[in-house]
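I opened a notebook on this structure. These are the entries, in the order I made them.

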Amino acid sequence: MRILILGGTAEARALAHALAARDDISVTVSLAGRTAEPLPQAAPVRSGGFGGAEGLARYLSDERVDVLIDATHPYAAAISANAARAAGDAGVRLLALRRPPWEKVAGDNWIEVEDVEGAVRALGEQPKRAFLALGRNELRPFAAAPQHSYLIRSVDPVDPPLAVPDATYIAARGPFGESEDRALLARHNIEVIVAKNSGGEATYGKIEAARALGLPVIMLKRPALPEVASVATVEEVLAWLDHAPTPSTARGV
Ligand code: NAP
C-alpha cells in the first residue's frame, strides 16, 4: 500500500514513524517546506507545494498513491481543501487526522474571534503587552496596532520583523510546558495572549499558564475544513489502515 502523509505536525511525524517500520506499506511525508530546519522524519520526505488541488491529484496518480492521510494542522485549511478535491479526482482513499480542539474549562477567559484581524481589534485601543502565539505568516495585521508591545515566539525568525516599535522575538520549538510558559508570561508582564485553538498537548502549556495567571486569551476560531472521513489519533489511523481494502481490491483488480 502506497501512502502519502500530508504533514507538518507532530502527529504526522509519529504516524510516519509507526508506518516506516512496516514491510507492507511504502510511505512518503509531504511538507510545505516553510521551516528552514524541519525535524527529521522516519520516512522519505518530499517538500513544497503541489500546485493546487490539480497538482496534488496529478502527484497522487503519478506516484500511484493508494491512501492519502491529511495530517496537517487544523488551521492549514487550504491544503486540507485541496486534499479532499484531489483525492476525489484521483480516486484515492482519504483519511484526515484531526486533533480535537481544546475545550474551555473553569478559569479560562477566552475571547473568540473569527480571524487575525478580529484578534487585532479585540486587543483594543489601550496599549497592552500581548503574547502572540501565532505562525510567522499570521503576524502582519498586528502592524496596524503599533500601540501594543508584542512578545512573539516562532521556530524560524520573523523576517522582516513586524513593523511596530516594541516587539520581542523568541526563537523556540515546542513542546512548551505550563510552568515554562507561566514563567515566560510573568517575566514579560504579559496581559493578554493571542492563540489558535490547535488542540493537543504540545502547545497547551500557554492555555494552562493563562488560566493560572488569570489572563485573557484571544482565541482564533478554527477554519472550516472539508467534511471527510476523519479520526483524532495516530492509533485510530493505524486501525483504519488495517481495515482499509488492499490496493488490488480498492482498484477493483
Ligand atoms: P495552508 O494555508 O493550508 O496551505 C497553503 C499552501 O501550502 C497549500 O495550498 C499548498 O500549496 C502548500 N502546503 C501546505 N501544506 C503542505 C504540505 N503538507 N505539503 C505540501 N504542500 C503543502 O497551509 P499552512 O497553514 O501554511 O501550513 C503549512 C504547513 O505547516 C502544513 O504542513 C501544516 O500542517 C503546517 N503547520 C501549520 C500550522 C498553522 O497554524 N497553519 C501550524 C503548525 C504546522 P499548493 O497549493 O501549491 O499545493
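The entries below go from strands to helix contacts and then to single residues.

**Ground rules.** I noted that this is a predicted model, in which local features need pLDDT of at least 70 and side-chain atom pairs count only at pLDDT 80 or more, while totals for chains, interfaces and linings use all residues. Residues are numbered from 1 along each chain as its sequence is written, and side-chain values use heavy atoms, with hydrogens and water left out.

**Terms for the elements.** I took helices (H or I, at least four residues) and strands (E, at least two) as DSSP runs, numbered from the N terminus. I counted two strands as paired if DSSP finds at least two bridges between them.

**Entry 1, the six-stranded sheet.** I looked up the strand order of the open sheet and found S6-S11-S10-S7-S8-S9, with parallel pairing. The edge strands are S6 (110–113) and S9 (167–171), each of which pairs on one side only. From one strand to the next the twist averages 20 degrees. For angles, I used axes that are lines fitted to C-alpha atoms, for helices over the stretch in contact, with values from 0 to 180 degrees between N-to-C directions.

S7 (residues 129–133) and S8 (residues 149–154) run parallel and are joined by four bridges. Phe131 stands opposite Leu151 in S8. As a reminder to myself, strands of a sheet pair through backbone hydrogen bonds, either parallel or antiparallel.

Which strands does helix H4 lie across? I found that H4 (residues 116–123) lies across S6, S7, S8, S10 (192–196) and S11 (217–220). Its direction is at about 165 degrees to S11. Contact here means heavy atoms within 4.5 Å.

I looked at S4 (residues 67–70) and found both faces covered. Val67 and Ile69 on one side and Leu68 and Asp70 on the other are all buried. Buried means under 20% relative accessible area, exposed over 50%, and partly exposed in between, with a 1.4 Å probe and protein chains only. In a regular strand the side chains alternate between the two faces of the sheet.

S4 pairs in the parallel sense with S1 (residues 2–6) over four bridges, and Leu6 stands opposite Asp70. S4 also pairs in the parallel sense with S5 (residues 93–97), over four bridges. In S5, Leu95 is the bridge partner of Ile69.

At what angle do H1 and H7 pack? H1 (residues 10–20) and H7 (residues 234–243) pack at about 45 degrees, with axes 10 Å apart. They are therefore oblique to each other; angles under 35 degrees count as roughly parallel, over 145 as roughly antiparallel, 65 to 115 as roughly perpendicular and the rest as oblique. H1 passes H7 in a right-handed crossing, meaning that the near helix is turned clockwise from the far one by less than a right angle, with anticlockwise for left-handed.

Glu11, Ala14, Leu15, Ala18 and Leu19 in H1 meet Val234, Val237, Leu238 and Leu241 in H7. By class, this contact has eight nonpolar, no polar and one charged residues. Ala, Val, Leu, Ile, Met, Phe, Trp, Tyr, Cys and Pro count as nonpolar, Asp, Glu, Lys and Arg as charged, and the others, Gly among them, as polar.

The axes of H5 (residues 178–187) and H6 (residues 205–213) come within 8 Å and cross at roughly 60 degrees. H5 and H6 are therefore oblique to each other, and their crossing is right-handed. The H5 residues in this contact include Glu178, Asp181 and Arg182, and those of H6 include Lys206 and Glu208. By class, the contact of H5 with H6 has six nonpolar, one polar and five charged residues.

I found a cis peptide bond from Asp159 to Pro160, with omega near 0 degrees. Pro160 sits in the loop between S8 and S9. The bond from Gly174 to Pro175 is also cis, with omega near 5 degrees, and Pro175 is in the loop between S9 and H5.

Arg64 is not a glycine, yet has a positive phi of about 50 degrees. Arg64 lies in the loop between H2 (52–62) and S4, and counts as exposed at 51% relative accessibility. Asn189 has a positive phi near 50 degrees and is found in the loop between H5 and S10. At 53% relative accessibility, Asn189 counts as exposed.
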